[in-house]
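Hi,

Here is the structure I promised to pass on. Have a look, and my notes follow below.

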Amino acid sequence: MSFDPVIPTIDLSSDPPEKQAQTIKDALGSVGFFAVLNGGPKVEDIDALFAYSEDFFSLPMEEKEKYLAGSSGSGYTKLLSQALGEGKRDHKETFSYGKYCGIKEQAMPYPFSSLDEIALQTIRRFYKDCHEVSEKLMELFAQVLELPEDHFKQSHSFGLNTAMSLIHYPSLDVEGKKQLSEKDIRAGAHQDWGTLTLLFQSTNPFLPAQPGLEVHLPKSAIYKTQDFSPNLTTQPKSDDPNSASTNLDYASHRSNLNSDEYEWYPAPVPPRGGFLVNVGLAMEFWSSGIYKATLHRVLFPNSPSSHSEKEQDEEEEAGLVDRYSLAFFVQPDDNVELNPILPGGKIDYTKKAITSGELFNTKLKESMDRSKNIPIPDKSE
Ligand SMILES: O=C(O)CCC(=O)C(=O)O
Ligand SMILES: [Fe+2]
């Protein structure tokens with residue numbers, strides 16, 4: 001049973017395999033997001049990771065700056081230094097455990113560097129459980145497309161390419177809150193870049209999950225006015241044999257940003273222990289656009305948007321609180337060519353396909369450059 005009318009749910013322990021595959025097919029062909037229950041990391045480990053995250057972001061800035069992210073994007077990224085969407089810098093800071101963290105000389109914050117065996121074991125177990133559930137999901141992704149079970153899985157060595165990202169959207173003081181404007185956003189509208197993302201919210205009652213994540217959906221998917229069965233006989237759009245499939249043919253969603261046919265839909269917070277899954281651009285290319293890398297964003301709770309008046313009143317009373325999330329970004333190995341699939345479980349090797357590493361580096365550079373070109377919001381205006 002789904003706990004949300006629009007975002008489907010898979011129960012990995014009780015749904016029969018055919019039902020899991022059917023849910024994947026329905027979800028990824030339409031809304032691009034689904035929730036997972038009863039699979040993946042243990043609830044206690046999720047809680048522990050959020051506690052580590054809170055500890056890290058509470059450190060003084062001089063300390064956090066010691067772990068600044070380099071060109072790989074892993075490490076500490078400061079508030080307002082990235083812009084996932086157009087025109088607005090993101091009011092978030094992140095610590096991303098990925099490539100950078102493999103550099104031996106690079107300093108690592110507690111608890112990643114820790115001599116505290118329990119903390120290290122918890123992180124390793126969390127990472128391993130995320131890895132295993134991601135492999136299980138990739139098997140289902142392949143099965144739905146009539147491909148061998150290991151088609152996607154075999155291109156992921158789950159080394160440092162996979163980024164586990166602790167994300168903190170700080171609260172604002174009363175003054176800051178009054179000054180919130182249209183220019184402010186917690187995370188701008190974007191598609192993820194990789195294969196799939198596991199998205200956790202805090203399940204610890206002392207650090208309650210916060211709303212704010214919205215997904216950009218066709219109205220027909222929200223109001224169920226259309227049957228979404230992904231067309232497995234779809235041909236890739238470009239039939240010019242000379243054109244590389246690097247031309248973002250399938251990344252059509254951004255162009256729907258101003259469409260009347262689309263609407264922002266508030267993503268549900270899954271029950272304790274559950275998490276959301278969405279696919280990124282690499283998977284959209286790979287699946288010839290059958291699996292959608294849906295645009296999503298994170299708003300300040302009191303932004304003028306789809307929130308009800310009651311919710312807004314409650315937020316006014318409570319003040320604008322911090323929001324923490326944790327994303328496990330699954331990324332294919334850098335040299336993997338994202339050769340798109342053809343009907344009947346075949347693969348199109350006829351055109352030069354973009355590699356996973358090229359796609360990742362392009363998107364990372366874009367988001368950093370975009371932020372450099374956006375002035376830091378001037379609150380005195
Ligand atoms: O914090 C969230 O809920 C979403 C974060 C996200 O979409 C991202 O970092 O790519
Ligand atoms: Fe995202």
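**What I found**

Of the protein's 381 residues, 42% count as buried, meaning that 20 or more other C-beta atoms, placed from the backbone, lie within 10 Å of the residue's own. Bear in mind that this is a predicted model, where local features need pLDDT of at least 70, side-chain atom pairs count only at pLDDT 80 or more, and totals for chains, interfaces and linings use all residues. Residues are numbered from 1 along each chain as its sequence is written, while chains are lettered from A and ligands numbered from 1 in the order in which they are written.

The protein has nine helices and 14 strands; these are DSSP runs numbered from the N terminus, with H or I and at least four residues for helices, E and at least two for strands.

(The expected span is 1.5 Å times one less than the number of residues.) Its buried residues include Ile46, Leu49 and Phe56. The buried residues of helix 2 pack against several elements, among them helix 4 (117-144) and strand 5 (163-169); contact here means C-beta atoms within 7 Å.

Then there's strand 8 (residues 213-218), with six of its six residues buried. Leu213, Val215 and Leu217 lie on one side, and Glu214, His216 and Pro218 on the other. Strand 8 runs antiparallel to strand 11 (residues 296-298), joined by three bridges, and Leu213 partners Val298 there. Strand 9 (residues 262-266) also pairs antiparallel with strand 8, over five bridges; pairing takes at least two DSSP bridges. In strand 9, Tyr265 stands opposite Val215.

Cheers

Definitions and conventions:
Buried ≥ 20, exposed ≤ 12 C-beta atoms within 10 Å, placed from the backbone. Contact = placed C-beta atoms within 7 Å.
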